[in-house]
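Trainee: I've got a model open and I'd like to learn how to read it. Could you walk me through it, feature by feature?

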Amino acid sequence: MKHYHGFSILILQPRNMNTMLQLGVSLLLLAAKHTIATAAVPSPQCQSRCGDVDIQYPFGIGANCSLAELFNVECKVQHGISKPFIGNVEVLNISLSRSTLRVLNGISTFCYNASGLMGGVHFRFNAKNTPFRFSDVYNKFTVIGCNTLAYIADDGGTGYQSGCFSQCRDLSGLVDGSCSGMGCCQTPIPRGMYYYNVTFDKRFNTSQISRFGRCSYAVLMEAASFNFSTTYINTTKINGTNGGRVPMVIDWAIREKSCDIAKQNMTSYACLSSNSECVASTNGPGYVCNCSHGYEGNPYLPDPHGCHGMYSPLVN
């Protein structure tokens, strides 16, 4: 087990190297829980950008720059490019208005040749005891392959389990942009999920069609960023982009308290702008902060750095 700044990466390797390499992506807190003692204001010296990504409070880079430990972001340099990470998960975007993170998520694979199972990679993602939940609005469980049945299971809070079956006899019936069961299928997830595990049903394999589609893929991903291509079946194109990772959306919130309870202790209340409102989280417990109607900015910062009025030019 390797530890990175309060988060862990779990790497499990079975004895039989011909079977699976299972990679677990974990956001389990190792030290203090996601607790806000005082809603501190970040220093002006705090780094506010990493590469092309704005790091907006309550997230922050470095000591005393975020609202709580689990909002800490590390700016790493990879191949000469600065990229933000929370744990070992790369962050693409932070949205205050939607209370979302857009991140890169690993694609699980399962491959055969004419002789049988070759191997694969399975991902699981654990965000227990963190501010994060998988977005049921923006994500879908996506499966690609011919004669492929993959499952997604939540062994955490919801107990959810579902499967998606994708079938095709050859490439002639596949259509670019179509993900309705022929070469590709998608299914929604419920709200409240903070853990998921992907598995493939071994009764459905591609050894008989390995000449044109030997691999199957499954991942929880942002639905709007996916457009099925028939080349995903007979090439490794889907797994060759971004190191086998695709965008996924995570909802975040201040998880410990409801709005009513949080307002009883103004020293830890996160909505610091006088022009902000507390709103109940729509995905899991807790609350988020929004700028009041007619205002924009950052509701987690005190004035004059928080929410400010939106002005429109007068039209004569």
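Trainee: Which residues touch the most other members in the largest nonpolar core?

Mentor: A nonpolar core is a set of buried Ala, Val, Leu, Ile, Met, Phe, Trp, Tyr and Cys residues joined through side-chain atoms within 4.5 Å. Buried means under 20% relative accessible area, exposed over 50%, partly exposed in between, with a 1.4 Å probe and protein chains only. Here the largest core has 55 residues, and Phe 59, Leu 101, Phe 134, Phe 141, Tyr 287 and Tyr 300 touch the most other members. Strand 18 (residues 195-200) gives the largest share of this core, 4 residues; strands (E, at least two residues) and helices (H or I, at least four) are DSSP runs, numbered from the N terminus. There's also a second, separate core of 17 residues, with Cys 111, Cys 215, Met 221 and Phe 228 among them.

Mentor: Some ground rules: this is a predicted model, where local features need pLDDT of at least 70, side-chain atom pairs count only at pLDDT 80 or more, and totals for chains, interfaces and linings use all residues. Residues are numbered from 1 along each chain as its sequence is written, and side-chain values use heavy atoms, with hydrogens and water left out.

Trainee: What is Leu 101 in contact with?

Mentor: Contact means heavy atoms within 4.5 Å. Leaving aside neighbours within four places in sequence, the partners of Leu 101 include Phe 59, Ile 86, Val 91, Phe 132, Met 248 and Trp 252.

Trainee: And Ile 238, is that one buried or exposed?

Mentor: Buried, at a relative accessible area of 9%. Ile 238 sits in the loop between helix 1 (231-234) and strand 20 (245-252). Beyond four places in sequence, Ile 238 touches Ile 107, Ile 144, Tyr 217, Phe 226 and Tyr 232. Take Tyr 217: 21 residues from Ile 238 in sequence, and 8.4 Å away C-alpha to C-alpha.

Trainee: What order do the strands take in the open sheet of 7 strands?

Mentor: Strands of a sheet pair through backbone hydrogen bonds, either parallel or antiparallel. Two strands count as paired if DSSP finds at least two bridges between them. The order in this sheet is 6-7-8-9-10-20-13, with mixed pairing. Strand 6 (60-61) and strand 13 (132-134) are at the edges with a single partner strand each, so one side of each has no neighbour in the sheet. Strand 8 (residues 81-86) and strand 9 (residues 89-95) run antiparallel, joined by 2 bridges. Phe 85 has Glu 90 in strand 9 as its bridge partner.
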